[in-house]
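Colleague: Could you walk me through this model before I start reading about it on my own?

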Amino acid sequence: MELVPAKTILGRPKDDSWFGNDYNMNLYRGCCHGCIYCDSRSECYHVDDFDRVRIKRDALAILERELQSKRKKGVVGVGAMSDTYNPFEKEEQATRGALKLLERFGFGVALDTKSSLVLRDVDLIQRIARNASANIKITITTADDALSKVIEPYVCVSSERFRAIRELSAAGIFTGVLFTPMLPYITDTEENVMEMVRLAHENGARFIFPMFGVTLRQNQRDYYYQKLDTHFPGLSRKYRNVYRSNYYCASPRANKLRALFQSECRKYRLLYRMEDIVAAYKKKEPVVQQMKLF
Ligand code: SF4
């Protein structure tokens, strides 16, 4: 696998509004899962040839140094810019190595993925959760496996991801669904919303976090429209008419679907508001810090 130079691995988000992340970490550059709506392929992130996965040189050594030098423990978000459980991770084991380091230094983890390969690391996530916070978010956008194969072609289908949630949850790990994005005129149906919430509940998810639209910008929009032309003829013209160059493209049914979604979540007692999810999974003070007080 190609190595790319890296000076740092840990970043600091502008704030902790995304699932309470205190730090961000990306071990890989690029992603080969092929999601047609992927925001990370936008020009503003400067990742050339986005579908080719590369690994950051000396990633674990750099991460170890950084974790050692941090005075503040906290939750490290993983998977914002690329799915850390890409197919190469099976051999590279960079994510597994990073989780070991997080555990050793008393950091928590909040990880986003679409891959059931995360199940390989259940033992480590359980160990992290003993002394810090752990939250595994599996992105699922449709309850329909055939449709997931079209819009997220090179990663496991939705039912396999629900299975991963079931196994993580059975292992006592705080786990839920990232129901983002919702693609206007494709996945924004009442049936999909109801099925998604039901399946989240039945598979042991603690939460389901939604978005009632999709963001589009620059070359990402062009890529998405090309894929619409291939799989949903005529739909890109509709998008152009309705959304023009808008960044956020809300489903025309967003209000109705939001109301339905919330009532379904209440029925199944699933968390769906960011503040409730963060309050439920995040330990206020990692044990490592508490011990320092004494
Ligand atoms: S898994 Fe995430 S990073 Fe990878 S292509 Fe899909 S949306 Fe993009």
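This is a predicted model: local features need pLDDT of at least 70, side-chain atom pairs count only at pLDDT 80 or more; totals for chains, interfaces and linings use all residues.

Colleague: Okay, how many helices and strands does the protein have?

Modeller: The secondary structure comes to 12 helices and 12 strands, and the C-alpha atoms fill a box of roughly 60 × 45 × 30 Å along the principal axes.

Colleague: And what radius of gyration would a compact globule with 294 residues have?

Modeller: It would be near 19 Å, and because the protein has 19 Å, the value agrees with that of a compact globule. Buried residues make up 45% of the 294 residues.

Colleague: Let's take strand β8, are its residues buried or exposed?

Modeller: Six of the six residues in β8, which spans 134–139, are buried, and this holds for both faces, with Ala-134, Ile-136 and Ile-138 on one side and Asn-135, Lys-137 and Thr-139 on the other.

Colleague: Which strands pair with it?

Modeller: Strand β7 (residues 108–113) runs parallel to β8 and is joined to it by five bridges, while β9 (residues 175–179) also pairs with β8 in the parallel sense, over four bridges.

Colleague: What stands opposite Lys-137 on each side?

Modeller: Asp-112 stands opposite Lys-137, and in β9 the bridge partner of Lys-137 is Gly-176.

Colleague: New topic, which residues are around the ligand?

Modeller: They are Cys-31, His-33, Gly-34, Cys-35, Cys-38, Ser-40, Ser-82, Asp-83 and Lys-114, and this shell divides into three nonpolar, four polar and two charged residues.

Definitions and conventions. Residues are numbered from 1 along each chain as its sequence is written. A residue is near a molecule or strand if its C-beta atom, placed from the backbone, lies within 6 Å of it. Ala, Val, Leu, Ile, Met, Phe, Trp, Tyr, Cys and Pro count as nonpolar, Asp, Glu, Lys and Arg as charged, and the others, Gly among them, as polar. A residue is buried if 20 or more other C-beta atoms lie within 10 Å of its own, exposed if 12 or fewer, and partly exposed in between; C-beta atoms are placed from the backbone. Helices (H or I, at least four residues) and strands (E, at least two) are DSSP runs, numbered from the N terminus. Two strands pair if DSSP finds at least two bridges between them. The radius of gyration is taken over C-alpha atoms; the globule rule is 2.2 Å times the number of residues to the power 0.38.
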